[in-house]
Amino acid sequence: MFDAASSPGQNRSPLPPAQPPADGVPSPRTPTSTQSRRPAADRPGKQRDSFFDNAKYLAIVLVAMGHAWEPLKGDSRILEGVYTVVYTFHMPAFIIISGFFSRSFDMRPDRLKRLITGVAVPYVVFETAYPLFKNAVVGSHEEISLLDPWYLTWFLVALLVWRLTTPIWKLVRWPLPVAIGVAMLATVTPSIGDDLDLQRVLQFLPYFVLGLTMKPEHFQLVRRRWVRIASVPVFAAALAVGWWAVPRMNTAWFYHRDSAQELGAPWWCGPVMVLAMMGCSLLLTACFFAWVPRRRMWFTALGAGTLYGYLLHGFLVKFADYRGWFDHAWLHRPLGEILVTVLAAAVVTVLCTRPVQRAFRFAMEPKMEWAFRQDAAELARERQKPERGREKVGV
């Protein structure tokens with residue numbers, strides 16, 4: 001999810017879901033003069049790149065649409081085919097961006113604080129809020145468990161683990177092949193269990209590591225006109241394959257949350273599916289990026305609030321499901337499916353706006369200065385400030 005995902009991610013000015021790395025998304029353009037010697041995420045006055053904010057917003061809209069389609073897709077082969085295609089690339093695209101903006105992450109105290117307040121704390125808050133919400137609406141007795149991510153919160157766990165392991169991936173010589181190997185091993189290890197949704201964490205890991213290894217020029221490659229043109233028949237072919245695969249393939253493969261054995265397949269299908277799914281996902285992700293606008297659009301600013309849209313829209317989808325709103329027969333017809341799609345896009349758009357961010361910042365990006373010790377280096381810098389001031393006035 002978020003610069004997410006901001007995210008589903010995370011930074012001081014709003015978290016996208018991917019706000020993973022830094023809310024103030026730096027421009028991929030090459031810095032000049034003294035800026036070139038400093039990481040983009042550390043430069044003051046850094047400018048957000050419209051391309052990445054647009055991509056995050058469009059990805060979160062697809063996420064919301066997909067969740068709204070879930071109760072309806074069983075009655076429409078076309079809708080389920082579209083659902084399958086969207087699930088092939090929307091989270092990989094989001095995760096790649098999260099990895100790209102995590103390149104500067106290290107164990108520096110200020111970044112660890114931001115990781116805690118922007119990822120770990122929201123996880124605890126929403127992992128608690130979702131079961132309580134269900135209990136209030138349905139009258140059930142859902143237990144709260146911080147070890148078993150509920151619904152959308154798996155992305156926060158994954159982002160926390162991926163971010164903490166970033167220094168390792170930056171250290172090894174061949175990070176992407178190693179990450180793919182880890183994902184392949186995960187698919188043949190059902191004993192991993194459901195704790196912290198580690199199957200998803202490990203199976204989606206290669207996309208995060210890929211983002212870590214990418215450079216701004218790699219995103220420029222998919223912005224070329226010929227790529228945009230070629231993406232049209234590729235998407236058309238993907239939709240045709242998705243329609244064909246509906247009765248022939250288990251869509252649970254696209255969730256990356258189970259091992260091959262748990263899906264009733266031979267163990268060797270796990271590693272094969274990791275490679276096949278990754279090839280399809282990267283192809284469609286490249287096509288998606290090719291059509292993301294590069295200039296500032298009316299929705300560009302919403303890219304900084306995608307984590308808000310990601311985590312909050314789940315309450316509305318679940319409320320409609322609990323109340324049986326999706327059971328109305330007319331919603332399972334083409335016009336009803338279109339209406340649900342439009343409503344999902346509109347709702348998640350509103351949830352990414354600044355008023356919503358301000359209202360829920362206490363849960364998404366709490367400052368929590370009271371919870372942390374002040375870093376010794378930071379204290380030294382503060383002590384030096386008045387000394388420099390006295391020197392300037394000749395004291």
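Reader: Are Glu 80 and Lys 73 buried or exposed?

Author: Both Glu 80 and Lys 73 are buried in this predicted model. Buried means under 20% relative accessible area.

Reader: What makes the link between Glu 80 and Lys 73 a salt bridge?

Author: Their side chains meet at 3.9 Å, N to O. The cut-off is within 4 Å, for a side-chain nitrogen of Lys or Arg and a carboxyl oxygen of Asp or Glu. The Glu 80 and Lys 73 pair therefore counts as a salt bridge.

Reader: How many salt bridges does this rule give?

Author: The count comes to nine. One of them joins Lys 56 and Asp 53, whose closest N and O atoms are 3.4 Å apart. Both Lys 56 and Asp 53 are buried.

Reader: Where do Lys 56 and Asp 53 lie?

Author: Both sit in helix 1, residues 50–69. They are three residues apart, about one turn of the helix.

Reader: Why does a spacing of three places matter in an α-helix?

Author: An α-helix has 3.6 residues a turn, so residues three or four places apart point the same way.

Reader: What is the N to O distance in the salt bridge of Arg 108 and Asp 110?

Author: It is 2.6 Å between these two side chains.

Reader: Why is Arg 108 called partly exposed?

Author: Its relative accessibility is 33%.

Reader: Which residues make the nonpolar surface patch?

Author: Ile 78, Val 241, Trp 243 and Trp 244 make a patch of about 450 Å². Helix 10, residues 225–245, gives the largest share, three residues. Trp 244 has its place in helix 10.

Reader: Why is helix 4 called largely enclosed?

Author: Eight of its 11 residues, in the run 154–164, are buried, so the rest of the structure largely encloses helix 4. Among the buried ones are Trp 154, Phe 155, Trp 162 and Arg 163.

Reader: Which helices do the buried residues of helix 4 pack against?

Author: They pack against helix 2, helix 3, helix 5, helix 7, helix 8 and helix 12.

Reader: How do you know that helix 8 is largely enclosed?

Author: Eight of its nine residues are buried, so the rest of the structure largely encloses helix 8 too. Leu 205, Pro 206 and Tyr 207 are among the buried residues. Their cover includes helix 2, helix 4, helix 5, helix 6, helix 7 and helix 11.

Reader: How many helices and strands does the protein have, and what share of its residues is buried?

Author: There are 15 helices and zero strands. Of the 395 residues, 51% count as buried. The accessible surface comes to about 18,900 Å², with 63% belonging to carbon and sulfur atoms.

Reader: What is the mean pLDDT of the protein?

Author: The mean pLDDT is 84, and 83% of the residues reach 70 or more.

Reader: Where is pLDDT under 50?

Author: It stays under 50 over residues 1–45, which have 216 contacts beyond four places in sequence in the model. Residues 389–395 are also below 50, with one contact beyond near neighbours in sequence. Where pLDDT is low, the predicted coordinates should not be read in detail.

How values were computed
Residues are numbered from 1 along each chain as its sequence is written. This is a predicted model: local features need pLDDT of at least 70, side-chain atom pairs count only at pLDDT 80 or more; totals for chains, interfaces and linings use all residues. Side-chain values use heavy atoms; hydrogens and water are left out. Helices (H or I, at least four residues) and strands (E, at least two) are DSSP runs, numbered from the N terminus. Buried means under 20% relative accessible area, exposed over 50%, partly exposed in between (1.4 Å probe, protein chains only). Patches are made of residues with over 30% relative accessible area and no salt bridge: like charges are joined within 9 Å, nonpolar side chains (Val, Leu, Ile, Met, Phe, Trp, Tyr) within 5 Å. Accessible areas come from the Shrake-Rupley method with a 1.4 Å probe; for residues, only the protein chains shown count as cover. Contact means heavy atoms within 4.5 Å. pLDDT is the predictor's confidence in each residue, from 0 to 100.
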